[in-house]
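Hi,

Here is the structure I promised to pass on. Have a look at it first, and then read my notes below.

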Amino acid sequence: MVASVFRLTIQTVGHVHYLPMLAAVMATALVAQRPATFTAIVLSVIADMLILPRQGIANAVVHAALFVAVALVMAEVCHRLASRSALLDSILASVPVVTLNGEGRILRITPAAADLLGVTPDEALSRPFSTFAADFDTTALAAVMDGAPLSLPATGSWLARRPDGEIVPMTIHASLLSPSVDPERMVLSLGDQRQTTAANERMRDLMNQLSKSWRLNSMGEMAATLAHELNQPLTAATVYLHAGQTDIARAGPLGDSAGRALDLAKTQLIRAGDIIRRMREFVSTGARELTDQRVSSMIEDLRPLFDLIRMDTGVVIRVDVRDVGDHVLADRIQFQQAINNLVRNAVDAVAGRDLGLVRITGRSLGNQGYEIVVEDDGPGIPEDQMDRIFQPMTTTKASGMGLGLSVTRSIIESHDAVLTVGRSPLGGAAFSFCLSPVLELEAA
């Protein structure tokens, strides 16, 4: 209707034919779907024929056909432009993007960016970006516009303060715009680093827990070894004191005082032996709190640690743990410590090789349990060391304490499993154990 009125208005100037109608079709194509565009084309043809009668049917058909052809092409172009614009709007709506003017004030902001900064888009407009990121020096923009080099890093990490007081870590990628785009001078692409920071904190907590567990287990093994070694000299000292008491008793009343002192010393030695014996029993048979765990989940938590090991050593750590039938009763931290010990030993065995490989595999054996294997392509363990590799203080490393495999075996045995070592198909050593399934343990 608007196009028809406009055409009637300029009809006295000259015969414009379908030109105003073409604008109507293009406007319809930009805001509506194809059926509505086809309707606009048909209505444009009808309106043109009513406004300006043609000289003959052939003339009207030719003009109408030309208009329809041109209108269809232009409508398709408009549809594609509208679709592309909608796609870009959708992308921008999900990406935190901010544009600033020469003074560092916010001119445009996407909903994702406003949500990251803790405000609505309307509240953010015209506010200095430094209100949210105080360390982001927008005064450098003035120097840039005067021809000085950009003093802001192209990409950097910043801390943004939301109105509610929350500190949000984020990355900012800054890009300068051409002066022809005035008044917008800079585009900032924001990246939310809260999940990354939380993941790093979880990884640090896991490493701290594993390190603490390692120290506690190492202390337990050392305590058990010392208790075993100290028990014999304590027993011998008790026997010697008893013999001394017998000799002093023969001295009569003169030896009563010394006899009482020796009796007190013997009592304390016996008490010390009882304390050590209780410690040995607790370390060797102390109960652990086992809960329903998934092997795939416990090993998945170790992937960040494996990545750090790979970056430090260049050794590839390949994980192939199936999540079918992997429910077992386990102490999560202790199990992870055992896997970590085995992986580190395997990495040490292949360190320095061009293509060092450590592989962790896990598969369900049905009612027999769930089997975990840690193997490598290193030189392997000599046959003469197979029998004593798990003994405390036994190590093949120059700076090793000989507690790693001993602690690992203690952890595995506390899960009612047996840690065995053999030759891997990769060429190196293969450590394996089998955890009983949850149902079997509960039934027992």
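This is a predicted model: local features need pLDDT of at least 70, side-chain atom pairs count only at pLDDT 80 or more; totals for chains, interfaces and linings use all residues.

Before the sheet, a word on terms: two strands pair if DSSP finds at least two bridges between them. Helices (H or I, at least four residues) and strands (E, at least two) are DSSP runs, numbered from the N terminus. With that settled, β9 and β10 run antiparallel and are joined by seven bridges.

Residues are numbered from 1 along each chain as its sequence is written, and side-chain values use heavy atoms, with hydrogens and water left out.

**The sheet**

β9 and β10 belong to an open sheet of five strands, in the order β7-β9-β10-β12-β11 and with mixed pairing. Its edge strands, each pairing on one side only, are β7 (316-321) and β11 (420-423). From one strand to the next, the twist averages 15°; axes here are lines fitted to C-alpha atoms, for helices over the stretch in contact, and angles run from 0 to 180 degrees between N-to-C directions.

Val-358 sits opposite Asp-376 in β10. On to the next neighbour: β10 and β12 are antiparallel over six bridges, with Ile-372 facing Phe-433 in β12. Finally, β11 and β12 (residues 429-435) are also antiparallel, joined by four bridges, and Val-421 has Phe-431 in β12 as its bridge partner.

How well covered is β10? Mostly: six of its seven residues are buried, where buried means under 20% relative accessible area, exposed over 50% and partly exposed in between (1.4 Å probe, protein chains only).

**The helices beside it**

Helix α12 (residues 332-350) lies across β7, β9 (357-364), β10 (370-376) and β12, at about 25° to β10. Helix α11 (residues 303-313) packs with α12 at an angle of about 15°, their axes 12 Å apart. On the α11 side, Leu-305, Phe-306, Ile-309 and Thr-313 meet Ile-339, Asn-340, Val-343, Arg-344 and Val-347 of α12; contact means heavy atoms within 4.5 Å.

**One aromatic pair**

Rings of Phe, Tyr and Trp (its six-membered ring) pair if their centres lie within 6.5 Å, and planes under 30 degrees apart count as stacked, over 60 as edge-to-face and the rest as tilted. By this rule there is one aromatic pair. The ring centres of Phe-335 and Phe-433 are 6.2 Å apart with their planes at 70°, so the pair is edge-to-face. Phe-335 is in helix α12 and Phe-433 in strand β12, 98 residues apart, so to speak a link between distant parts of the chain. Both Phe-335 and Phe-433 are buried.

**Elsewhere in the chain**

Have a look at Val-98 in strand β1 (residues 97-101) as well. Val-98 is buried, with a relative accessible area of 0%. Leaving aside neighbours within four places in sequence, Val-98 is in contact with residues including Ile-106, Phe-129, Met-186 and Leu-190. Val-98 and Leu-190 are 92 residues apart in sequence, yet 7.8 Å apart in space, C-alpha to C-alpha.

Cheers
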